[in-house]
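Please examine the sequence and the structure shown below. The paragraphs that follow begin with one residue and then turn to wider features.

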Amino acid sequence: MSEGQKPRLAVFKFASCDGCQLTLLDCEDDLLAIAGAVEIAYFVEARRRMLDGPYDVTLVEGSITTDEEVERIKEVRRQSRFLISIGACATAGGIQALRNWADVSEYTQLVYATPDFISTLAESRPISDYVPVDFELRGCPINKGQLIELITALLIGRQPRVPAHSVCLDCKRQGTVCIMVAQGIPCLGPATQSGCGALCPAYNRGCYGCFGPAETLNPASLGQQLITLGWKEADVSRAFRSFNGYAPAFREASEQFEK
Amino acid sequence: MTEKHINVDYLARVEGEGALRVKILDAQVTDVQLNIFEPPRFFEAFLRGRGYQETIDIVARICGICPVAYQMSAAHALEKALGVTPPEGVRPLRRLLYLGEWIESHGLHLFMLHLPDFLGYESAIEMAGIPELRPLVEQGLRLKKTGNQLMTVIGGREIHPISVCAGGFYRAPRPAQLQALAPDLEWGLETAVETVRWAADLHYPDFEADYEFVSLSHPDEYPINEGHIISSSGLDISMEEYEDHFSEIHVAHSNALQSRYVNGSGEGGSYLVGPLARVNLNFAKLSPTAQETAREIGFSVPERNPFKSLLARGLELIHAFDESLDIIRHYEEPRPSRTKLPARLTPGEGMHATEAPRGLLYHRYRVDENGLITFAKIVAPTSQNLKRIEDDLWQYVPGVMDLPLEEATLRCEQLVRSYDPCISCATHFLKLDIERT
């Protein structure tokens, strides 16, 4: 960090819903402490003052979907000491990466009456496909506690502690009875990284993969289990192909079960 | 010939990416463009072929600030399409979840996005660094937090909640979980009343426009999830008739479609949705405390000053706290929490509109016998307001263009921010019917 002054924080947005940067504003109890510990140099959703780089820590939300964004992320990288991509869009291409399996010009025609006005790339891709990224914080949306852990770790100069185990372990820890075993509800928990607090099983529904692929997973075996529970192969394919569908392990699984 | 430009390359303190361009030639405004450069994400296209329950999770991702609005419009539209009625007790719980989102979104906008303009600061972060203003910012954050707490208890988390489904809720909270929030909501109610009283004395630029207000209306309650669509010029239609009266136009400078109100002669005009429209059209349905506070500060309808949408948001905050407390007092856990749907369905089409924090949010879906979406159309509040924002600027700029450029620019930004535009929302919807000339 810069000597003798507060580290400079920047927040940049690409194609996204704004939810991950909103997570920072939703840290109601800690926001003012964070604002005191760092200089929030660039955060357009929160402040009108926009300071030029370089920045010590840059949080990047959203995926890359246009030529302009390709150029902009390169400039952001040049201006940033630590560049952290936050959320499923930035780390995996987001739900808008569903276009990667379709013909985007068809999409444009479906949505816009005058497609010529629209400029867009054929694929939605994660930040790391264009520039080196120092850390990826997963989630759709990211988890508040993990965001604060990340910022704290960077401020004191240690590795952030963000577990990569599956949702299953969290269910066991929380005492949530396995909904797949006990109720036969299809669940992506065994293949999905922890981070949400194993919310869905606790709410009586299957995990749908917000935090992307877990560190070790066996999607082929999980897919078979889901079929045993009554899903068709197309259902398995769609389940893997959502918010983190373009993350390699989920992408392969979705293609494997695609019929 | 003197040429002057008011340009804002990247509008701050709004959700999403937009720019503002105003051109003035010889003291005449010659062009106004709200340029939406937020890239499109094509939700309506990729929803085709997805399951109806997945759709509720997917449309939430259109907007991190108002995911519940998308889930609510979608759940109701899909239930209509599939002919399913949720169990008793789901209705008030959905209202409560939505009120949580109103509190969070209005709290965020009022204190952090809009208020700095009125007090002469560039952000709430700057305000927090000034000792006498810090308590105000802290109050705003705590107010916003109470809304987030409501959403977290009912929805699992505040951004992209996970409990809503077609048919009801995957799980409903226990009464004790909601009752535990009552003290914070009571604090919120008092604080919202104080905030509105305090905000009444802010300086509001002297400006009025001749708005066509559009919102839902319900015979018994302040409109949120149900009702019919009305306007200040006397329109009164069912949700099913929405597309007969409102159309969307794609303009070159924007990745968002702009909506027009189509009148009898077939001409399209702009219209206003959101808190100011709702309060104007539904004042008598606001909670007694909200109405009393409005009278106390001299806020009466019709109110046509867009800057005073800050007060409209404040009044809706009072209402939201009031009604939340009321729902919690009478809450009984719905059992079951949802009506389950059969695997084999009757294909159908459903359209529904709800009141998002920023205004009317319309969805229409067609679903096939396997529960897969074959058609989706979504019209976001901000795309409905875009044309109205430009019309306001045409009228407002002549009154401020002689000010120093920096000041004139700030005033224009303040006007745009009055709408609480959500540009992320506005770029993702539009029209699926292809119309070519």
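Is A:A164 buried, exposed or partly exposed, judged by its C-beta neighbours inside 10 Å? The model is a predicted one, and in it A:A164 has 14 such neighbours. A residue is called buried at 20 or more and exposed at 12 or fewer; A:A164 therefore counts as partly exposed. Its place in the chain is the loop between α6 (144–156) and α7 (167–174) of chain A. When neighbours within four places in sequence are left aside, A:A164 is in contact with A:Q193, A:A214 and A:E215. A further residue, A:Y246, stands 82 residues from A:A164 along the chain, and 18 Å separates the C-alpha atoms of the two.

From this loop we may turn to chain A as a whole. Its secondary structure consists of twelve helices and five strands. Along the principal axes, the C-alpha trace of chain A spans about 60 × 50 × 25 Å. Of the 259 residues in chain A, 55% are buried.

The next topic is the contact between the two chains. Chain A contributes 49 residues to this contact, and chain B contributes 52 residues. On the side of chain A that touches chain B, the elements giving two or more residues are α1 (19–25), α2 (31–37), α5 (104–111) and α9 (199–202) of chain A. The largest share, five residues, comes from α1(A). Sorted by class, this side of chain A has 28 nonpolar, nine polar and twelve charged residues.

Finally, consider a pair of strands in chain B. Strand β13 (residues 359–367) of chain B is joined to β14(B) by six bridges, and the two strands run antiparallel. Within this pairing, B:H363 has B:I378 in β14(B) as its bridge partner. The two strands form a hairpin with five residues between them, and in the turn B:G371 has a positive phi of about 85°. Why can strand β14 (residues 373–379) of chain B be described as largely enclosed by the rest of the structure? Five of its seven residues are buried, so the description follows from that count.

Methods
Residues are numbered from 1 along each chain as its sequence is written. Chains are lettered from A and ligands numbered from 1 in the order in which they are written. This is a predicted model: local features need pLDDT of at least 70, side-chain atom pairs count only at pLDDT 80 or more; totals for chains, interfaces and linings use all residues. Two residues are in contact if their C-beta atoms, placed from the backbone, lie within 7 Å. Helices (H or I, at least four residues) and strands (E, at least two) are DSSP runs, numbered from the N terminus. Ala, Val, Leu, Ile, Met, Phe, Trp, Tyr, Cys and Pro count as nonpolar, Asp, Glu, Lys and Arg as charged, and the others, Gly among them, as polar. Two strands pair if DSSP finds at least two bridges between them.
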